[in-house]
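Student: Could you take me through one part of this structure up close? I would like to start from a single residue and then see what surrounds it.

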Amino acid sequence: MRASTRMSALLAGLIPSTTSTGISFDASSGVITRSEGSFLIDGHRVSQHIEVSGSGSNNGRYKITSMGSDGLTIVVDGTLTDESAGASVTVAMLGTFSMESMLRYGKILFFSGSRPSNADIAPSGTKLMEITLNRGTFTAGSTSNAIVWTAGEGAISMPDSASWEGLGVAAGTIGYAMITDNFATELDDTDNSVNAVRAYLTAGVGSSYEINLSSTTISKGSPEKLSELTWAIKLTTD
């Protein structure tokens with residue numbers, strides 16, 4: 001596994017936290033807004049439990065249900081009170097990340113060619129297929145059509161009842177796979193990729209690959225469905 005800088009930091013115990021005097025709260029929409037910076041770059045994600053402190057009326061614990069793609073807003077499931085920016089407010093994640101929670105509501109992509117030397121740079125080769133739930137359209141910041149892993153001892157896997165499917169967007173031979181979280185995209189540029197949570201994995205036919213496939217040949221327009229997938233987490237310097 002070749003993990004991005006942000007993914008490695010979160011696995012090592014980095015706790016996403018934001019402190020700003022530009023944070024406001026809207027009761028009717030349940031939205032927490034910041035005037036600058038990015039909740040995404042700070043490491044906040046959908047389904048994350050957070051604690052708000054330092055506010056005048058909204059201190060407490062909440063769960064993030066959705067996020068704006070610009071990183072300026074998060075929607076929470078708790079009850080908020082209208083409050084303008086001004087106080088020094090801190091929004092911090094509760095607990096730490098596991099591999100499953102970090103990649104929850106993400107997607108899998110397959111590319112041709114050689115796996116990039118590290119996950120802080122954009123993927124190379126041709127994008128052949130994107131795997132989502134039921135082959136639905138993936139939208140960053142939303143749980144719809146995104147994949148959720150089952151956690152096991154030293155591994156994460158596709159749930160037995162899940163249908164992870166994709167449609168060939170180009171013809172070619174799979175060279176490697178990319179697994180992302182809810183906000184990483186396959187086209188992150190160099191400036192932004194250090195903040196993406198993603199990993200590049202080997203993919204091929206045989207147990208020596210991190211993702212073992214029955215075939216590496218993809219045809220454009222051809223539907224494909226994963227029958228099973230277990231990713232044994234191996235911590236290496238690669």
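Tutor: Happy to! Let's begin with T180, which sits in strand β15, residues 176-180. Strands here are DSSP runs of E with at least two residues, helices are runs of H or I with at least four, and both are numbered from the N terminus. Keep in mind that this is a predicted model, where local features need pLDDT of at least 70 and side-chain atom pairs count only at pLDDT 80 or more, while totals for chains, interfaces and linings use all residues. Residues are numbered from 1 along each chain as its sequence is written, and side-chain values use heavy atoms, with hydrogens and water left out.

T180 is buried, and its relative accessible area is 0%. (Buried means under 20%, exposed over 50%, and partly exposed in between, with a 1.4 Å probe and protein chains only.) Setting aside neighbours within four places in sequence, T180 is in contact with L103, G106, K107, L109, V197 and R198; contact means heavy atoms within 4.5 Å.

Now for the wider setting. The largest nonpolar core has 33 residues, and I108, W164 and W231 touch the most other members. Strand β15 is one of the elements that give this core two or more residues, others including α3 (99-103), β9 (107-111) and β16 (198-204). A separate second core has 17 residues, among them F25 and F183. A nonpolar core is a set of buried Ala, Val, Leu, Ile, Met, Phe, Trp, Tyr and Cys residues joined through side-chain atoms within 4.5 Å. In soluble globular proteins, nonpolar side chains tend to be buried together.
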